[in-house]
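Please walk me through this structure in plain terms. I would like to know where some of its residues sit and what lies around them.

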Amino acid sequence: MLRKLTDLNVGVIEDDPVRSPFLFTDARRRFHSPLLVYGWIEDEDIQAVVCLAFCPYIPQTEEDLIEIAEGDPGDIIVPYSLWSYSKGAGTKLLQAILELASQTEEPRVITMSPKTKTAERFHTNNGAVVLSVNEHSINYAYPL
């Protein structure tokens, strides 16, 4: 089940294998607009976590995320970190986020992903296409 996490769940940020827990001065920042954190919950245990930013433009760097976090939210939903504690939970979480996004007025889900084979395989296996490749990241777009 998809659940919006709160800063009471800040401890999960320490497990983030993609972005430093100290990306923002305070890890609790990830839980406040224009940033959100969702979890995939099974038997009351968090099985996967995704950090999202609601962006006015497509970020390419962590510096972009920091700038966006200090501004007004946009309408592009950007998963910038996703990790799983159990096999298949990351995919379930992503599919739930895509379903949620598809209910918005102008749904756009574009990742800011690391340039790794694991990220590439995960996103392409889940239906994303490469939108852009830049020095620091790859932006995958999900059709909705």
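**A walk through the model**

Asp 43 is exposed, because its relative accessible area is 75%, over the 50% that marks an exposed residue. The model in which this residue is seen is a predicted one. Asp 43 belongs to the loop between strand 2 and strand 3. Its phi is positive, about 50°, although Asp 43 is not a glycine. Glu 44 is found in the loop between strand 2 and strand 3, and its phi, near 65°, is a positive value in a residue other than glycine. With a relative accessible area of 63%, Glu 44 is exposed.

Another backbone feature involves a proline. The peptide bond that joins Ser 33 and Pro 34 is cis, with omega about 10°. Pro 34 is in the loop between strand 1 (2-4) and strand 2.

The largest nonpolar core has 23 residues, and Ile 13, Phe 24, Val 37, Leu 65 and Tyr 80 are the ones that touch the most other members. Two or more residues of this core come from each of strand 2 (35-42), strand 3 (45-55), helix 1 (62-69) and strand 4. Leu 65 shows what such a residue has around it: leaving aside neighbours within four places in sequence, it is in contact with Leu 23, Phe 24, Ala 53, Pro 59, Tyr 80 and Met 112. Apart from this core lies another, of 19 residues, and Trp 40, Leu 98, Ala 128 and Ile 138 are among them.

Where in the chain is Thr 61 placed? Thr 61 is in the loop between strand 3 and helix 1. Its relative accessible area is 15%, so Thr 61 is buried, the limit for a buried residue being under 20%. Residues up to four places away in sequence not counted, Thr 61 touches Met 112 and His 136.

The loop between strand 6 (129-133) and strand 7 (138-142) holds Ser 137. Ser 137 counts as buried because its relative accessibility is 1%. A polar atom of the Ser 137 side chain lies 2.8 Å from the backbone oxygen of Gln 60. Beyond its neighbours within four places in sequence, Ser 137 is in contact with Gln 60, Met 112, Ser 113, Lys 115 and Ser 132.

Asn 134 also lies in the loop between strand 6 and strand 7. At 11% relative accessibility, Asn 134 counts as buried. Not counting residues up to four places away in sequence, Asn 134 touches Gln 60, Lys 115 and Asn 139. With Asn 139 there is a polar contact between side chains, at 3.4 Å. As for distance across the model, the C-alpha atoms of Asn 134 and Glu 42 are 36 Å apart, and the two residues are separated by 92 residues along the chain.

The next topic is empty space. Rolling a probe the size of a water molecule over the atoms shows where such space is left. The largest pocket has a volume of about 480 Å³. Its lining is made up of 25 residues, and Leu 82, Thr 118, Ala 119, Phe 122 and His 123 lie nearest its centre. Strand 4 (76-84), helix 2 (89-102) and helix 3 each supply at least two residues of the lining. Sorted by class, the lining of this pocket has ten nonpolar, 13 polar and two charged residues.

Ala 119, one of the residues nearest the centre of the pocket, has its place in helix 3 (residues 117-125). Is Ala 119 buried or exposed? Its relative accessible area is 10%, so Ala 119 is buried. Neighbours within four places in sequence aside, Ala 119 is in contact with Ser 113, Pro 114 and Tyr 140. Ala 119 and Tyr 140 are 21 residues apart along the chain, and their C-alpha atoms are separated by 9.7 Å.

The walk ends at Arg 108, in the loop between helix 2 and strand 5 (109-110). Arg 108 counts as partly exposed because its relative accessibility is 37%. Leaving aside neighbours within four places in sequence, Arg 108 is in contact with Ile 58, Asp 75, Ile 76, Ile 77 and Leu 144. From Arg 108 to Thr 124 there are 16 residues in sequence and 16 Å in space, C-alpha to C-alpha.

Notes. Residues are numbered from 1 along each chain as its sequence is written. This is a predicted model: local features need pLDDT of at least 70, side-chain atom pairs count only at pLDDT 80 or more; totals for chains, interfaces and linings use all residues. Side-chain values use heavy atoms; hydrogens and water are left out. Helices (H or I, at least four residues) and strands (E, at least two) are DSSP runs, numbered from the N terminus. Buried means under 20% relative accessible area, exposed over 50%, partly exposed in between (1.4 Å probe, protein chains only). A polar contact is a pair of N or O atoms within 3.5 Å; within protein, one must be able to donate a hydrogen and the other to accept it, and residues adjacent in sequence count only if both atoms are side-chain atoms. Contact means heavy atoms within 4.5 Å. On a 1 Å grid over the protein atoms alone, a cavity is a set of points where a 1.4 Å probe fits but cannot get out, and a pocket is an open set with protein on both sides within 12 Å along at least five of seven lines; lining residues have an atom within 4 Å of a point. Grid points are joined across faces, edges and corners, and a volume is the space filled by probe spheres set on the points. Ala, Val, Leu, Ile, Met, Phe, Trp, Tyr, Cys and Pro count as nonpolar, Asp, Glu, Lys and Arg as charged, and the others, Gly among them, as polar. A nonpolar core is a set of buried Ala, Val, Leu, Ile, Met, Phe, Trp, Tyr and Cys residues joined through side-chain atoms within 4.5 Å.
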